[in-house]
Amino acid sequence: MKTEIKNLKKAAQRIKRAIKEKENIVLYGDADLDGTVSLLILEEAIKNLGSEPFLYFPERGVEGYGLNEGALKFIGKYAPALLILLDCGIGNFKEVKKAKKMGFEVIIIDHHEILKEIPAAAIVVDPKQKGDKYPFKFFATCGLSFKVAELLLGDKLGGGRVASSQLKQSFLELVALATLADMMPQVEDNQILIEKGLSHLSSTFRPGLQVFLKSFDYQNLSPRELAAKIISVLQITEFKEHLTESYLLLSMQDEREAARLLEVLLEKNSQRRQVIAELTEEISQKIAHDSSPIVFEGSTEVPHSSTGSLASRLKNKFKKPTFIFNSNQTSSRGSVRTPKEVNGLKALEHCHSLLEVYGGHPEASGFTVKNENLNKLKECLIEYFKKL
Ligand SMILES: [Mn+2]
C-alpha cells in the first residue's frame, strides 16, 4: 500500500460526515496566500458537495497569528461546529482547548514545525508530526488542502468530465502560486504541483486570475515571472469583514468586479513597496556599524504587514539572523528571517519563556512578545547567537 500523509484520510472522512449530517463547518485560515488558497480550495470542494462553510481569517496586525480569543468569540455563534484550522493552529495549545470547550471539534491542517507538543485537536494533519511516514515533508498547507479536496471530491475532481478537470486545474494553479509564495522547496511533490499548476496559468478560467493576464503584458513573461508578479500582489492584502482581499479576488465570479478590485490592490501594492524601501534604507543606516550578532529592530512605525519583507531584505543585506517587529501599546509582533545555516525557530524556542506566541519554519518564523519583555528578548537572543 502506498503511504499517505498521516490523518489525511481521517480528516476527509470527518469533513464528509459533517457535510452529510449538515453540521456547521468553519474554515479558519492564516491570511497569507498559502492560508488563503488552502481555505478557498476547501471551501469550493465543500460547496461542491452541497454544504456552505463559514469563513474566517484572523487579522495578524490586530489579532496576532493563528487561532485567538477574539476570533473564537466571533465564531462562537457557529458552535457546535467542525472548526478547520488551515496554515495555522499547530502552536495554538490554549486556544484549541478553549475551542473544544465552546463546542468545536477541531481539525488542524498545517505544515509548520511541531513545537514541544501537539494541540489537543481531534485530527491533526502536519507532515512534520511524529508517525507521519509520508516521505515528502515540505508541502505548503495549500498542497495538503488540495489533497484533502481530492479525497473529498474523488471522481468529481478530474474524473474525465470537462467541468471537473477544469476545477482540478484551477486548484492546481492556486496551489502552484501559494507554494511558491510560501517559499517551500521546489522539489519532489512540490515540483510536480508547481509545474502542473503553472503550465495552464495563462489559460486560467478563474476570473480573479484572468484579470492579471489582462493587466500584465504576460506574453513576454515566463510562467514563473507571471506567477511572481501575481504573488507580489496577493501575498499580503487587507481585510474586509474577516476575509482577505486576496480571497475576495480569487473567489470572484464576475470579471469586471475582479478587475476593479485588482486595480485597488495594484495601487496599494506600489505604496507598500515604497514604504518597505524607505524603511530598509532607514534601518540599514542605523545598524550599518553595529557589531551585534543579530538585527533586532522595530517600532510602531513599521507596518505589521511588512515585517516579513523587511526582515528578508535586511537578512540578505547584513547576513545576520534578523528580527523585525511592529509594536502596539502592549505588545510587539515580529518576523524572523535567518541565513540558511541558522535556525531562527530554535533561537525563539531557547527564549520561549519570554514569548506569548511563536512558531514557523527554521528560516522564516514569527513571534509575539509583551513590550515589557522586548529588551530581555533581545538580550536572550544575542546571548544565544553569541554562543553558537
Ligand atoms: Mn504556509
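Author: A word on the ground rules comes before the answer. Residue numbers start from 1 in each chain and follow the sequence as written. The model is predicted, so local features are taken only where pLDDT is at least 70 and side-chain atom pairs only at pLDDT 80 or more, while totals for chains, interfaces and linings use all residues.

The chain is divided into domain 1, residues 8-234, and domain 2, residues 289-387; such bounds come from an automatic or database domain assignment. Between the C-alpha centres of domain 1 and domain 2 there are 27 Å. Their contact draws 10 residues from domain 1 and 11 residues from domain 2 (two residues are in contact if their C-beta atoms, placed from the backbone, lie within 7 Å). On the domain 1 side, the residues that touch domain 2 comprise three nonpolar, five polar and two charged. Here Ala, Val, Leu, Ile, Met, Phe, Trp, Tyr, Cys and Pro count as nonpolar, Asp, Glu, Lys and Arg as charged, and the others, including Gly, as polar.

Helices (H or I, at least four residues) and strands (E, at least two) are DSSP runs numbered from the N terminus. Five strands make up an open sheet with mixed pairing, in the order E8-E9-E10-E12-E11. Strand E8 (295-299) and E11 are the edge strands, each pairing on one side only. On average, and with direction ignored, neighbouring strands of this sheet are turned by 15° against each other. Strands of a sheet pair through backbone hydrogen bonds, in either a parallel or an antiparallel manner; two strands count as paired if DSSP finds at least two bridges between them.

E8 runs parallel to strand E9 (residues 322-327), with five bridges between E8 and E9. Glu297 has Ile324 in E9 as its bridge partner. Further along, strand E10 (residues 331-337) and strand E12 (residues 364-370) are antiparallel and joined by seven bridges. Strand E11 (residues 355-360) is antiparallel to E12, with five bridges, and a hairpin of three residues links E11 to E12.

The axes of H12 and helix H13 (residues 307-318) come within 10 Å and cross at roughly 45°. That makes H12 oblique to H13: angles under 35 degrees count as roughly parallel, over 145 as roughly antiparallel, 65 to 115 as roughly perpendicular and the rest as oblique. Axes are lines fitted to C-alpha atoms, for helices over the stretch in contact, and angles run from 0 to 180 degrees between N-to-C directions. By class, the contact of H12 with H13 has five nonpolar, three polar and two charged residues.

H12 (residues 255-287) has another partner in helix H9 (residues 207-215): the two pack at an angle of about 60°, their axes 9 Å apart. H9 and H12 are therefore oblique to each other, and H9 passes H12 in a right-handed crossing. Pro207, Gly208, Gln210, Val211, Phe212 and Ser215 of H9 meet Glu255, Ala258, Ala259 and Leu262 of H12. In the contact of H9 with H12, six residues are nonpolar, three polar and one charged.

Two backbone details are worth checking in your viewer. The peptide bond from Ala79 to Pro80 is cis, with omega near 0°, and Pro80 sits in the loop between helix H4 (69-75) and strand E3 (81-86). In the loop between E3 and helix H5 (93-101) lies Asp87, whose phi is near 65°, a positive value in a residue other than glycine.

Conventions
A crossing is left-handed if the near helix is turned anticlockwise from the far one by less than a right angle, and right-handed if clockwise.
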